[in-house]
Amino acid sequence: MTDPKETINIENVVASTGIGQELDLQSVAMDLEGADYDPEQFPGLVYRTQEPKSAALIFRSGKIVCTGAKSTDDVHESLRIVFDKLRDLDIQVEEDPEIVVQNIVTSADLGRQLNLNAIAIGLGLENIEYEPEQFPGLVYRLDEPEVVALLFGSGKLVITGGKRPKDAEEAVDKIVSRLEDLGLLE
Amino acid sequence: RLRKWQERIRTKDAGERNLQFALSEIDRMASALGVPRSVREVASVIYRRALKEDLIRGRSIEGVATSALYAACRKEGIPRSLEEISEVSRVERKEIGRTYRYISQELGLEMKPVDPKKYVPRFCSELKLSEEVQSKANEIIETTAEKGLLSGKSPTGYAAAAIYAASLLCNEKKTQREVADVAQVTEVTIRNRYQEQIEAMGIHG
DNA sequence: AAGTTACTTTTTAAAGC
DNA sequence: GCTTTAAAAAGTAACTT
């Protein structure tokens with residue numbers, strides 16, 4: 001039997017950083033090829049990196065948000081590319097700006113089908129949200145670690161809201177043990 | 001001081017008017033849906049609780065009133081789908097769903113997931129199907145749900161597929177389109193649920 | 001009927017309305 | 001509250017072919 005922990009896969013990492021300098025997004029948009037900038041729609045400029053794949057949102061304040069990376073290493077690599085592109089445009093960028101991981105989205109597989117109706121009752125209707133007319137997943141909010149888990153009938157799940165890869169592992173362990181205690185796994 | 005007193009009266013009047021508007025809207029929608037008086041009363045109680053707990057701030061009165069009615073229908077065991085509810089409300093389906101989840105959580109309504117069987121009598125009646133078909137549909141729902149087929153599936157689509165299957169088994173066939181129309185789901189959904197259900201029942205149709 | 005695209009849920013930062 | 005970005009899960013829906 002595969003340990004559900006070993007099925008954990010990081011799907012998306014969101015991080016924030018800043019170059020410590022104000023930017024004229026209009027000119028950055030003109031000089032940076034592939035940049036999408038529509039201030040009427042959104043105040044940030046969108047710049048996509050190909051390898052590793054990610055999308056960076058660059059703001060007038062010089063703050064940057066990076067999304068779509070598959071690991072924390074990829075976040076750093078993507079942002080290094082963004083910093084270099086800005087330097088190519090003669091924009092001063094700090095040596096290495098602090099990068100803060102804000103959210104990690106993970107998927108995992110419990111390896112067996114789940115009876116979501118029974119789980120909703122078992123975990124306590126006051127702690128969960130399960131509205132199959134609106135969304136097929138059961139929403140389970142954990143306190144420790146502070147993450148949100150989406151459980152599906154297939155046994156697959158999504159863990160989001162964590163800041164460290166370890167948060168997802170701890171969450172999966174807790175979910176597995178709670179479901180086992182309730183006799184709702186297998 | 002006179003001004004402050006007038007302001008209080010004005011505020012009180014405004015609050016009274018808002019409550020009256022919300023309750024009349026619940027009444028109007030309940031009538032349009034044809035639900036019994038007990039449901040309107042439960043909806044009124046939920047709305048007043050939401051008002052007392054200050055859950056309406058930042059939300060529309062109509063949105064909370066509609067959500068209270070949706071919750072009341074479920075609490076009373078005669079659920080209406082969000083699609084049906086949105087047809088008698090000027091609030092869009094997505095907003096009703098969001099507001100419902102919010103007040104449900106905040107008021108601790110502890111709503112159980114909707115049992116698809118609750119839709120069988122009304123849908124079958126609209127389709128003029130016999131008691132026999134209803135029983136068969138209920139049997140299909142119960143048996144297949146026990147096997148875990150219900151997880152994550154919409155209750156209306158699940159009920160629609162079971163009714164379609166039962167109508168075939170009882171020689172009172174209704175087309176997928178006819179059932180889809182009363183349940184307000186697509187034929188594709190009925191087809192998908194139907195296939196899973198007959199397979200789990202060991203039937204070959 | 002199959003295939004594609006797209007929307008539902010959750011999370012998170014950013015600046016501005 | 002909303003706007004934008006990414007990503008997974010599974011269900012439902014609306015298109016086209």
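T99(B) is found in helix α5 of chain B, where helices (H or I, at least four residues) and strands (E, at least two) are DSSP runs numbered from the N terminus. The model is a predicted one, in which local features need pLDDT of at least 70, side-chain atom pairs count only at pLDDT 80 or more, and totals for chains, interfaces and linings use all residues. Residues are numbered from 1 along each chain as its sequence is written, chains are lettered from A and ligands numbered from 1 in the order in which they are written, and side-chain values use heavy atoms, with hydrogens and water left out.

T99(B) has a relative accessible area of 1%, and is therefore buried; buried means under 20% relative accessible area, exposed over 50%, and partly exposed in between, with a 1.4 Å probe and protein chains only. Leaving aside neighbours within four places in sequence, T99(B) is in contact with R59(B), G63(B), V64(B) and S67(B), contact meaning heavy atoms within 4.5 Å.

Helix α3 of chain B covers residues 61-75. Of its 15 residues, 13 are buried, so α3(B) is largely enclosed by the rest of the structure. From its first C-alpha to its last α3(B) reaches 21 Å, close to the 21 Å expected at 1.5 Å a residue; the expected span is 1.5 Å times one less than the number of residues. After α3(B) comes G77(B), with a positive phi near 75°.

Helix α1 of chain B takes up residues 2-33, and because its 32 residues should span 46 Å at 1.5 Å a residue, the 46 Å between its end C-alpha atoms agrees. The buried residues of α1(B) are L19(B), A22(B), L23(B), E25(B), I26(B), M29(B), A30(B) and L33(B). What do these buried residues of α1(B) pack against? They pack against α2 (37-52), α3 and α4 (82-88) of chain B. G34(B) follows α1(B) and has a positive phi, near 70°.

R28(B) also belongs to helix α1 of chain B. Its relative accessible area is 38%, which means that R28(B) is partly exposed. Not counting residues up to four places away in sequence, R28(B) touches E62(B), V88(B) and S89(B). R28(B) and V88(B) are 60 residues apart along the chain, with their C-alpha atoms separated by 8.5 Å.

Chain B as a whole has 10 helices and zero strands. Its C-alpha trace spans about 80 × 30 × 25 Å along the principal axes. Of the 205 residues of chain B, 48% count as buried. Among contacts in chain B between residues at least 6 apart in sequence, 72% join residues at least 24 apart.

The spaces in the structure draw on both chains. On a 1 Å grid over the protein atoms alone, a cavity is a set of points where a 1.4 Å probe fits but cannot get out, while a pocket is an open set with protein on both sides within 12 Å along at least five of seven lines; lining residues have an atom within 4 Å of a point. Grid points are joined across faces, edges and corners, and a volume is the space filled by probe spheres set on the points.

The largest pocket holds about 280 Å³ of space. It is lined by 15 residues, and closest to its centre are K112(B), P113(B), V114(B), D115(B) and K118(B). Both α3 (116-123) of chain A and α3 of chain B supply at least two residues each to this lining. By type, the pocket lining has seven nonpolar, two polar and six charged residues; Ala, Val, Leu, Ile, Met, Phe, Trp, Tyr, Cys and Pro count as nonpolar, Asp, Glu, Lys and Arg as charged, and the others, Gly among them, as polar.

How many cavities of 30 Å³ or more does a search of the whole structure find? The search finds one. The largest cavity has a volume of about 180 Å³. Its lining consists of 16 residues, with L125(A), I128(A), S104(B), Q105(B) and M111(B) nearest its centre. The elements giving two or more residues to that lining are β7 (128-129) of chain A and α5 (93-106) of chain B. The largest share, four residues, comes from α5(B), the helix that holds T99(B).

A search over all chains finds zero disulfides, a disulfide being a pair of cysteine sulfur atoms within 2.5 Å. C170(B) is in no disulfide, and the nearest cysteine sulfur, that of C124(B), is 9.4 Å away. C170(B) counts as buried because its relative accessibility is 12%. C66(A) is buried too, with a relative accessible area of 1%.
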